[in-house]
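Please read the points with the sequence and the model at hand.

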Amino acid sequence: MESASHNTDGEMLWAAVGKDRRWDALGGLRVLPDEILCIILTKLTPCDVARLSCVSSVMYILCNEEPLWMGLCLSIINRQLEYRGSWKKTTLHQLDLLNNYNEACRLSLQFDGFSSLFLYRRLYRCYTSLNGFSFDDGNVERNENLSLEEFHMKYGGQKPVLINGLADNWPARKSWTSEQLLLKYPDTKFRISQRSSKKISMTFKDYISYTQIQHDEDPLYIFDDKFGETAPDLLKDYSVPHIFQEDYFDVLDIDQRPPFRWLIIGPERSGASWHVDPGLTSAWNTLLCGRKRWALYPPGRVPSGVTVHVNEDDGDVNIETPSSLQWWLDFYPLLADNDKPIECTQLPGETIYVPSGWWHCVLNLETTIAVTQNFVYSKNFEFVCLDMAPGYSHKGICRAGLLAIDSRFEEIEKNVVCIENSSSYSDLSRKEKRVRMCKSPEDAGYENCINGMSISNRSGDLEYSYDISFLSIFLDNERDHYTSLWSSSNCIGQREMRGWLSKLWFRRPELRELIWKGACLALNAEKWYERVGEICAFHEYPPPLLEEKLPVGTGSNPVYLINDRVIKIFAEGGLESSLYGLGTELEFYNLLHKLNSSLKNYIPPVLASGILLFENGSYRVLPWDGRGIPEVIASCDLISIKHNEVDYPFGVWGKKEFEYQNAGRPLHEFGNHGKNYLMWPYIVTKRCRGEIFAELRDALSLEDTLNLASFLGEQLHNLHLLTVPHPPTNESIPVVIEDYIQPSHGNGFSRNVTDKIDHPTELKLYISILNRKRKDVLRRLAEWGDPIPSKLIEKVDEYIPYDLTVFFDKLENETEVCKFCSWIHSDVMDDNIYMIPRCSDSLSEENTSDPCLEKSTYLRRSNNSNIQEHSWAPSHILDFSDLSVGEPILDLIPVYLDIFRGDSHLLKQFLDSYKLPFVRKESLMVGLDNRCNQLSYRAMCYCILHDENVLGAIFSLWKELRTATSWEEVEEKVWGDLNNYAGVS
């Protein structure tokens, strides 16, 4: 046996001994391998690890390992990172305990009788030198002076290549050194890439100091996608090489497109572990100083030691992989020559091209500085769209090849022959598909083809090919974009993806054939085009023109602009949710005209509505005005709520019941969400002329923007004054008592007050919905994660009342009890406001009386030259499919955060026109914390409870709030001005 001496830095020194200390020191835990014990320790808190180190000598050794404390520190980090010489000290600094740490009290402890091959190997990796680790005779082709045509013909979308000379004229070739960057950007904060859910940043001087003294196995690595914002002068030091300038994401504004460019700085031993670039995009990477060693495998070839996890519910992809250095030291030497990756050493000034879907791993052989960008172009566009399609099978196949087929090989093999009967894998029992390459490369069953792109599976005759026709076989035809969960691993958000395809369609008409192919993969656009064509045929409308084939905008339901009409097909949330969406909208329109409200002049008129259904191989249309239950619905057991005989069973109160039924439940458990019932409610409205505000925002004058704020104040004033229909009888709205009254939770609100309240059933229903959301708030906030600060998520229970009944106290005049609720639009955002150009002098009444007359000549221009020539006036508010009832302040949230983007001047202009009080009563709950009657507090609570990630918008608009220590601080910054609003009664 050997002995171990442990110094203050946690290093292991080995010597011969006579007795194994492990038996006595670990007790029953001695049966566990050291690797497992170390993994268990990472799940503990720093304080618990410190306590556990006192238990025994072996625990002392394990609990003082630097890699352990590095992981612990990165898991609890709550401020800017400052390395303090060791990760244990750095952790104590994060916990404000460093001053209590007395180095002089710590003696060097020596223990005989303990050895660990696992700890030794890890220690070796921490101190190994990579001076002779290059692979200069690699098998990645090298080239230079490539033309665009030569690049596309020889390499584009096919194989990697190292290109010399693309950066010869960049200022960065001389100025991007550690020394010069340190002189220019010492206090600039850069983002750090590490295996942590936290967003970590360090000043550049702290980072350089860290790199000079660290001995980490996987050192911190600057991998900053926001360097263009924090250090904009760096963008002037390089330019995108001419052969990579085509990028279809360019049609998006910089704040809408996914992360695409990164500054990369790392010391020796750092690097990027095995991965496929996000969204199956392609990438170029130019090295400015140092040397990088690259390893690459073609698509579908999972590297040894790597596990691919694909979630069955939403297709979320996670890759479990050793660090770059560990892979090179522990896995690479075991590979047979014909199973080794394609390799090269990248030198300063060289640019490497990585095609879509290629696995790659990078190891820094010395301190390196590089810049990289991901892009979408003609060669990978369809793959990017495919990766955003709903389902999971195709995502696994794209990355893991035929290994992802698992036990369904024979069935899939049949589907290759009969593509039209492609498998959906929808009945697999496991929620997560896992694919792992065995440590023995021979077990993988791969053989390289000549072109490096096609791989055969020896267990059968099915041959893998990274070809869009082959990969699309594995799409799940039972899932649809509009009704399926969106994967958090997708490179872009769901709304942003729809907007991206729509903008490409209108701004790049020469690409429409390619865009259509991509949209059919990502949106199932061909099916929706077929459906909207059936609706047009039934109503004897002209069929969609070529330019009208694709759904427009970012909305959560497919919307078509066809001639002078807008056709919206309801799909989001499944059939039941869609019926409530259309039913409530039709009920509202009927009420609007019945009361002859002036608001109707600013809402496009309804031309038709109904239900499209597919049965017996063909489509048919059933007109429906929202009244009653359609026979096709009544005859099927499709609706979870049984309605009494009311005029609008799918109206607003039925919708609230449905909301109550699903409140606080994960999205995939909602009603019939994600299920395909082959029925789609739809509505046809008149098409507005002009532009949506989202297209005009940056070109509008201050006067036009202020006028818009006044317009919205006036129209929401009119909306919130509208009579809300009487709810059905109390017996038809079931409310679980536990959802209505909750026990006190230590936040200052006593149950014995709320017990005395006797609210009407409709208010109980509303409160119960809020309380169900309140129960689920921690899960939802944790799922949304960044940029919501984790320390605020931990404090949310202390901030929000545990029982939302306290928002609705007993009224002095009980006849006013129903006035708590108003019609709520819920989605007044920048893509739901239409504006029209003013005349040179002013808009006459004649001009504004019917602004739904003609197609705009300004629609979706690729430049704003025409836009800037005009003054613009708001004309219409669109999309009432999210209508609900609730407190009026709910409509202020999207207006202020999305349309005004937190501009307090626009908020004041809005409130001056709105004029109604948001709180319509005086509290009788004497002695309680009166913050429930403060508008700022109510607004902040509603933001936290919101179904959408409103908090993400808040912390994106007010980045300084990411360091906030309390919700009260966020409340005051975002909503504090509301407390001065004169409309409060």
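In which loop does aspartate 96 lie?

1. Aspartate 96 is placed in the loop between α6 (87-94) and β3 (109-111). The model is a predicted one, and in it aspartate 96 has a positive phi of about 60° although it is not a glycine. Aspartate 96 counts as exposed because its relative accessibility is 59%, the cut-off for exposed being over 50%.

2. Asparagine 616 is not a glycine either, yet it has a positive phi of about 50°. It belongs to the loop between β24 (606-615) and β25 (618-623). With a relative accessible area of 79%, asparagine 616 is exposed.

3. A positive phi of about 75° is found at glycine 315, which sits in the turn of the hairpin formed by β13 and β14. Five residues lie between these two strands. Strand β13 (residues 307-311) and strand β14 (residues 317-320) run antiparallel and are joined by four bridges. Opposite histidine 309 stands asparagine 318 in β14.

4. Is serine 881 buried or exposed? Its relative accessibility is 6%, so serine 881 counts as buried; the cut-off for buried is under 20%. Serine 881 is located in the loop between β30 (872-877) and β31 (884-886).

5. The side chain of serine 881 makes a polar contact of 2.7 Å with that of aspartate 879 and a polar contact of 3.5 Å with that of lysine 568. When neighbours within four places in sequence are left aside, the residues in contact with serine 881 are Asn557, Lys568, Phe570, Gly581, Glu585 and Lys655.

Methods:
Residues numbered from 1 in each chain as written. Predicted model: local features only at pLDDT ≥ 70, side-chain atom pairs only at ≥ 80, totals over all residues. Heavy atoms only, no water. Pairing = 2+ DSSP bridges. Buried < 20%, exposed > 50% of the residue type's maximum accessible area, 1.4 Å probe, protein only. Polar contact = N/O pair within 3.5 Å; in protein donor to acceptor, adjacent residues only side chain to side chain. Contact = heavy atoms within 4.5 Å.
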